[in-house]
Structures are given as C-alpha cells and as structure tokens.
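Colleague: I've got the model open and would like to talk through its insides with you. Could you bring it up on your side?

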Amino acid sequence: MMNPFSLEGKLIIVTGASSGIGRQCAIDCSKMGAIVVLIARNEERLKETIAMMEHPERHCYHSVDFYLSVDFSSIIKAIVQEKGRICGIINCAGISSVTPLKLITEDLFDKFFKTNVFSAINMTKEICRMGNYSKEGCSVIFISSVMGCVGEKGKTLYSATKGALIAACRSLACELSSKKIRVNTISPGAIVTPINENQNYMSDPKLRQSLAEKHLLGLGEVTDISRTCLFLLSDASRWITGQNIVVDGGYTAQ
C-alpha cells in the first residue's frame, strides 16, 4: 500500500543537525527512509548524530559555520555530485538570545541575520538552481518561531530574524511554485532542548513552570517539530505552500 508520508530514497538536507531540533529531524528523516546530509558547525556532534540514525552509512555531513563566509554554491554542488538531486531541506540552524533593546548593536544584528536569515536564504537559492533539485520538485522548510508572530521582552533581535523568515517564505512560495518547489515555515513554541535547558527560563524551576503554564499542552519536545517537518517533506503535503505552521502547544491561542 502506498504511504504518502514515506521519504524513502529522498535526499534531504538538515542544517543545525548537531543538536536539538535539527538532530531529531535528521534522525527521524532517516527512520522514514531518507538519505540525509547533515550540516552544522561542530564536526564531533555531527558524527554523534549520524551514529544515532538508521543506516548511518547512507548519510554524510558537512561542517559549516554560517556566520563565516560560506561558499554555498560549492557545498550544494558537492552534495549533488555525491548523493544526487535534492528533494528537501530543513533550515534549522540558528541562534537565539534574550537581548534588551539597549544592548542591541550593529554587530549583533549582523550576526543574527547572517546566521538565522541569510544562510537559509542562500542555501535555498543554490538548491533551487536548475539541476540541483529533484525533477519531482522540492520542499523547503524554514524553522521560525512563535517569536516571529507574537512579542516578548528582550526578543526584539530574535523576533526580527524569525519574522523575516515567515515573510520571505510567502514570496518564495509564489516565485518557486513553477519549479514545483514548495516553501513553508514552522513556528515552534518553547521546546525542551539541551541548549534551552541551560537557559535561565528553563533551568530555574519556577521560571520553567511559569513558561510551561503559558503553553496549554505544556512544553514541547523536539519530536513535535521533527514530525511536522516529516509531513511537509512528504507527498502528503503536496498541496501546501507559503504557509507558517504554528506548533506551540497552544501558546498563541490565549
């Protein structure tokens, strides 16, 4: 029986694959039959991710720091030559902080937009060149945030980058539809990840409880986001593009 949710044989790129949501996306894509190319800064953690995946010998990684000068064209060409045409990408690499307005500098703006926005757009641009994406089309996913939709103290800088992805997604969906390339964003609420658990809002029991109470279904797990990505990468979502899918346990419902 046909399984519209299968990723069997599809080549998927996952950025930010060394930890958290990106790592879980890579693992789950492999479980659904995909061949996965992992991209992140930390080579050792990328190796750890591959070791957790189904059929680790099928997958590969590229160690890249998106804040530095990156030759995106060469990366994508190397992937296509080694593994074949690309069927989807999860743009998960990103940075976050709580930064009051008075502490925002031009250098910080540059760092956040290079890492959170420019890298994702540039990766997508190279994938969408003729010969790099699958003849059947491609699914592009940007991991945004509820902070791109609603506000919070100290999140101006982070919100600006995540809101930019949501806005860019809509226009990219219009531009790329003729190539059978779908573009969507996913906006998570608070997700329990190793990085987040070290932040004060989760490491402090009282603050963690307060944060959890803002989400009707409690704090999210990385699989809540990875499974949404699986859906958007699969043929089951073939008629969905230009959308921002909010996965937040009810945070924005109140």
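Colleague: How much space lies in the largest cavity?

Modeller: Bear in mind that this is a predicted model, where local features need pLDDT of at least 70, side-chain atom pairs count only at pLDDT 80 or more, and totals for chains, interfaces and linings use all residues. Residues are numbered from 1 along each chain as its sequence is written, and side-chain values use heavy atoms, with hydrogens and water left out. A cavity here is a set of points on a 1 Å grid over the protein atoms alone where a 1.4 Å probe fits but cannot get out, and its volume is the space filled by probe spheres set on the points, which are joined across faces, edges and corners. The structure holds one cavity of 30 Å³ or more, and the space in the largest cavity is about 60 Å³.

Colleague: Which helix gives the most to the lining of that largest cavity?

Modeller: Lining residues have an atom within 4 Å of a point, and for the largest cavity they include Asn-116, Ser-119, Ala-120, Met-123, Lys-162 and Leu-165. Helices (H or I, at least four residues) and strands (E, at least two) are DSSP runs, numbered from the N terminus. H4 and H5 each supply at least two lining residues. With four residues, the top contributor is H4.

Colleague: How many residues of that lining are charged?

Modeller: Ala, Val, Leu, Ile, Met, Phe, Trp, Tyr, Cys and Pro count as nonpolar, Asp, Glu, Lys and Arg as charged, and the others, Gly among them, as polar. The largest cavity's lining has six nonpolar and four polar residues, and the number of charged ones is one.

Colleague: Where does H4 bend?

Modeller: Helix H4 runs over residues 106–127, and its 22 residues reach 30 Å from first C-alpha to last, close to the 32 Å expected at 1.5 Å a residue. That expected span is 1.5 Å times one less than the number of residues. A bend is the angle between axes fitted to the seven residues ending at a residue and the seven starting there. In H4 a bend of about 45° sits at Lys-114.

Colleague: And H5, what covers its buried residues?

Modeller: H5 has 21 residues and reaches 30 Å, close to the 30 Å expected. Buried means under 20% relative accessible area, exposed over 50%, partly exposed in between (1.4 Å probe, protein chains only); among the buried residues of H5 are Lys-162, Leu-165 and Cys-169. Counting contact as heavy atoms within 4.5 Å, the cover includes H4, S5, S6 and S7.

Colleague: What is the phi of Lys-180?

Modeller: Most residues other than glycine have a negative phi. Lys-180 sits in the loop between H5 and S6, and it is exposed because its relative accessible area is 51%. Though not a glycine, Lys-180 has a positive phi of about 65°.

Colleague: Is His-55 buried or partly exposed?

Modeller: His-55 has a positive phi of about 50° without being a glycine. The loop holding His-55 lies between helix H2 (43–52) and strand S3 (60–63). At 44% relative accessibility, His-55 is partly exposed.

Colleague: What is the relative accessibility of Val-37?

Modeller: Val-37 belongs to strand S2. Leaving aside neighbours within four places in sequence, its contacts include Leu-11, Ile-13, Cys-60 and Ile-79. Val-37 counts as buried because its relative accessibility is 0%.

Colleague: How far apart in space are Asp-235 and Pro-4?

Modeller: Asp-235 lies in the loop between helix H9 (222–233) and strand S7 (244–247), and it is partly exposed, with a relative accessible area of 49%. Not counting residues up to four places away in sequence, Asp-235 touches Pro-4 and Lys-10. Asp-235 and Pro-4 are 231 residues apart in sequence, yet their C-alpha to C-alpha distance is 5.3 Å.

Conventions: 1 Å grid on protein atoms, 1.4 Å probe; cavity = no way out; pocket = protein on both sides within 12 Å on 5 of 7 lines; lining within 4 Å.
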